[in-house]
Amino acid sequence: MTEPDQSLTFLSWVRESTAGLVNSREQGRARAAVTITLTERDADGVAGRSVPRTLPFLLTGPPDIAGLRRGAIVRRYPAADVVDHESDRCPYVELAAPSLPWRYTPAPKPPVGSAALHPWLVLLVGTEGDELVLAGDQVRIDPTIQDGAHRLGNPASPYRFAHVQVDARGQRTARVLCGRRLAGGTQYLAVLVPAFDDTGSRRWTGAAPVTVPVYDHWRFGTAEPPGSFEDLAARLQPPDAPVTVGRAQLRLRRLPNAEPLQVRGALLSTNTPDDTPLPATVVTDMRDLRTPLQDDENRPIVTLPRYGDAWHATAPDATVWGRTLNRDPRHRGVAGLGLEIGIRYQEELVADALGHLGALAETRQRLRHAVLGTEISRALWHRRLPQDPQERLWMFGPALRRLTTTTGTVDALATGPERALPAGVFSAAARRMLRPGPARTTLLRTRIAPRPILESANQPPARPPRTIDGVPLAHIGEAAFDDARLHTIEAGSVDRVTLFFAATSLAGRVDDRLRRLAGELVNRLQLAIFGAPAPWGSVLMALADADPVVIAGFADPAQHFARVEATLTDLRDSFRRRADDEDMVTFIRRLNAVPVALPAMSMVRLDQLAAGVDAAFDPTGARAPVMDRVLDTIAGAAVHGGTAPPTTPPEICVGLDRAVWADLEREFGQWLLPGAAEITDNRVVALKTNQVFIDALLCGLNTQLLAELRWRNIPVSTGCTPLRRFWDRFDTAAGARVDDIVGLATWTPDSTLGDPAHQSPGGSTGDLVIAIRGQLFVRYPATAVFLTSADQHGTIDFDRDPRPGAPRIFPGFQGHLGDDLVFFGFPGFPAGNVQSHWIVFEEPPAGYRFANDSLTQSATGHQWAAAALAHPVRVLISGATLVNPDGGG
């Protein structure tokens with residue numbers, strides 16, 4: 001990736017183009033002049049005389065300024081109320097308008113290439129009460145600070161402590177600075193004041209106190225000791241601490257004559273020797289202290305904690321790590337530290353564990369209720385249920401609507417349109433109708449049995465009545481019409497009386513709006529009974545279409561009504577058209593019965609249905625169906641994972657996101673790095689992590705936490721290890737936190753404390769830790785720390801800077817020990833490898849800063865800014881000097 005252009009350009013002043021007209025000073029303001037030429041022209045545009053005139057005018061100057069508007073100042077450095085400002089860095093203000101510091105200076109524009117223009121705004125910094133006395137919007141300036149960096153020049157003189165910065169993008173930033181040197185540990189007042197009075201003269205000369213207006217002010221303090229990042233970093237030296245750093249003496253009161261034991265802390269010196277074997281007297285004493293768990297009468301005895309019992313019932317005697325942890329007072333004491341931390345933080349730890357349980361309590365209650373209900377159902381299944389399968393089907397009937405399959409409910413499938421069983425046969429209402437009772441069964445000779453009812457209901461429906469062209473004959477009351485039709489077809493003659501009565505019946509059912517037309521047609525048909533010709537078929541069809549039921553059945557009833565009305569009117573008007581019996585016979589022959597499309601119904605196999613429903617409700621099997629329904633409402637590996645039956649109330653292993661080192665530092669900080677006081681000020685020390693200490697302490701802490709959780713009846717699974725993180729490790733490559741140990745239940749019996757198998761994937765033993773004591777990180781807590789190789793093409797060379805692009809190794813955890821001792825851990829980086837690497841401290845970015853101790857003698861603003869600009873600092877320390885203090889680097 002291409003680095004952005006960081007080039008800067010500095011200018012000594014910037015003014016608006018109007019300032020180019022200034023030629024003198026008058027009444028404290030810049031005096032300018034402009035020449036104007038007036039030329040007369042006649043009506044034809046011909047030029048005449050030309051008269052030039054010079055018009056003088058005054059620009060706004062210091063006498064006209066009452067103050068700065070809001071937003072004119074965009075930044076103050078240092079910020080207000082800062083208490084640790086670098087004493088060798090200049091305070092300054094940045095202004096929104098690049099030309100503002102020189103806009104009202106009562107002086108002409110300098111020649112090209114000249115920097116002789118003094119800003120009308122200056123920044124003073126002094127101690128409040130002695131050097132500067134602030135009173136409202138004015139400040140009294142003592143003569144002792146009117147000289148040096150606060151000395152003023154005339155308006156047409158250069159001034160080093162103001163400039164305009166132009167970056168690579170062309171962005172302009174105006175600054176007014178104070179270049180006086182500051183003392184460490186001192187409170188200062190900064191004031192922005194005008195440099196010239198109403199006459200355009202300097203406001204102070206160093207001869208006497210002066211009082212001037214204040215346009216802006218703020219207070220800040222400098223750090224103690226004085227200096228910048230570069231100064232503090234330069235004080236860091238290789239270690240002079242002895243190898244005893246990381247170890248503490250342990251004296252056994254029971255054995256006053258025994259030599260003290262050396263207990264190693266969580267952090268060790270890189271050359272700390274391994275533990276020595278225990279003296280025989282200590283081994284014997286520890287054996288005597290361990291009492292049995294029960295006396296001769298099997299009564300429990302309160303004894304020493306048995307570290308490891310929560311994961312291996314015989315851990316103190318059957319595992320190597322358990323014997324070491326329980327019989328060696330050095331490691332037993334470390335486990336006791338963890339146990340004590342668990343006691344002191346038990347409320348906090350239990351609350352954290354409860355927060356990780358989620359809906360476990362509700363899940364356990366739901367499963368207990370389901371198991372209880374299943375057991376009760378099993379007891380009632382054989383005692384109270386009918387023996388006949390169809391009677392059980394009848395009893396379960398109302399529940400079939402809730403019994404689902406992949407294609408629908410059992411009730412919907414058994415009573416669907418293609419089934420013979422009618423809808424509602426399994427409903428609760430049907431059961432109530434047939435339930436024994438005085439009002440329903442008084443006249444019955446026998447009990448109503450479900451089997452015959454279901455078998456009767458399981459029959460296909462009867463064939464519907466005959467119809468003519470879709471008109472149900474039973475509905476119009478003229479079923480004989482169909483018989484007459486058949487008789488006419490067979491005999492070849494028309495029974496007009498039957499047809500007349502059919503027409504009369506149809507006319508009585510027509511829409512009220514068509515009754516008059518229908519009556520007229522029936523009257524004319526009456527005359528045709530005795531031989532007059534009549535359109536019998538057309539009239540009968542039109543009257544049938546005029547039925548309100550038929551009209552309402554059309555998609556557009558109004559349109560159908562209009563068509564029927566027109567047909568009846570046409571029949572009435574054309575009634576006299578001659579027709580004979582042969583026409584009637586032909587018409588009736590065409591009246592065919594409309595075939596009724598009966599649904600293809602099938603009878604339900606009741607015995608098979610009863611058996612299937614029986615199995616769906618039967619709780620006597622290995623796993624009752626109701627349990628599956630309950631388990632489907634519960635998600636999570638606590639129920640559906642593991643080897644325990646899913647109906648067992650679940651126990652889960654909570655994993656607490658907690659770095660235990662911080663608890664140890666708060667309660668027993670001396671055990672994090674024993675002998676830390678021997679590390680003197682401004683020292684950099686290479687240390688390594690102690691996995692044996694971590695194993696012992698986390699075992700003791702988890703022992704206490706599990707006991708507390710079970711005492712409070714919190715369901716934690718057997719073999720759980722809730723706390724697995726000692727350091728706050730972070731895998732910078734994977735972007736995830738890393739545990740320090742795996743679950744104690746997985747520690748093999750033949751493994752020892754600190755065994756690599758006890759570490760989680762990605763963990764390591766003896767990781768490098770860099771500890772720094774001094775004010776560098778107190779003053780600059782955001783300092784970047786990393787390692788980079790000193791390899792120069794196969795050779796370790798600390799006399800040359802690291803190769804460009806050399807890989808950087810960043811810390812995976814860090815912390816504080818007290819106020820001025822910080823440490824940075826590098827997981828997976830063996831402590832011994834530091835001899836081939838640089839330890840790098842990089843100054844955190846803090847914007848643009850300018851040194852007030854610069855040796856430059858430049859008098860112009862742009863030259864001074866370029867020389868005094870403070871560049872970011874990177875300090876490199878040879879890793880070889882940390883392991884071997886006598887080495888070079």
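## Ground rules

The model is predicted, so local features need pLDDT of at least 70 and side-chain atom pairs count only at pLDDT 80 or more, while totals for chains, interfaces and linings use all residues. Residues are numbered from 1 along each chain as its sequence is written, and side-chain values use heavy atoms, with hydrogens and water left out.

Helices (H or I, at least four residues) and strands (E, at least two) are DSSP runs, numbered from the N terminus.

## Salt bridges

Count a salt bridge whenever a side-chain nitrogen of Lys or Arg sits within 4 Å of a carboxyl oxygen of Asp or Glu, and you get 43 of them here. Take Arg 76 and Asp 216: their closest N and O atoms are 2.8 Å apart. Arg 76 belongs to strand β5 (residues 73-77) and Asp 216 to strand β14 (residues 216-221), so this pair ties together parts that are 140 residues apart in sequence. For burial, the labels are buried (under 20% relative accessible area), exposed (over 50%) and partly exposed in between, using a 1.4 Å probe and protein chains only. Arg 76 is partly exposed at 35%, whereas Asp 216 is buried at 11%.

Arg 849 and Glu 86 also meet in a salt bridge, at 2.8 Å from N to O. With Arg 849 in strand β31 (residues 849-850) and Glu 86 in the loop between β5 and β6 (92-95), the pair ties together parts that are 763 residues apart in sequence. Both ends are buried: Arg 849 has a relative accessible area of 4%, and Glu 86 has 5%. Then there's Arg 169 with Asp 167, at 3.5 Å from N to O. Here Arg 169 is exposed at 75%, but Asp 167 is buried at 17%. Shared partners also link Glu 86, Asp 88, Arg 89, Glu 843 and Arg 849 into one salt-bridge network.

## A five-stranded sheet

Strands of a sheet pair through backbone hydrogen bonds, either parallel or antiparallel. Two strands count as paired if DSSP finds at least two bridges between them.

Zoom in on β28 and you'll find it paired with β29 (residues 821-830) in the antiparallel sense over 5 bridges. For Gln 814, the bridge partner in β29 is Phe 824.

## A mostly covered helix

Helix α18 (residues 536-545) has 7 of its 10 residues buried. Among them are Trp 536, Val 539, Leu 540 and Leu 543.

## The largest pocket

A pocket is an open set of points on a 1 Å grid over the protein atoms alone, where a 1.4 Å probe fits, with protein on both sides within 12 Å along at least five of seven lines; lining residues have an atom within 4 Å of a point. The largest pocket has a volume of about 410 Å³, taken as the space filled by probe spheres set on points joined across faces, edges and corners. Of its 18 lining residues, the closest to the centre are Ala 616, Phe 617, Asp 618, Pro 625 and Val 626. The elements giving two or more residues to the lining are α8 (360-384), α22 (606-617) and α23 (625-631).

By class, the lining has 11 nonpolar, 3 polar and 4 charged residues. Ala, Val, Leu, Ile, Met, Phe, Trp, Tyr, Cys and Pro count as nonpolar, Asp, Glu, Lys and Arg as charged, and the others, Gly among them, as polar.
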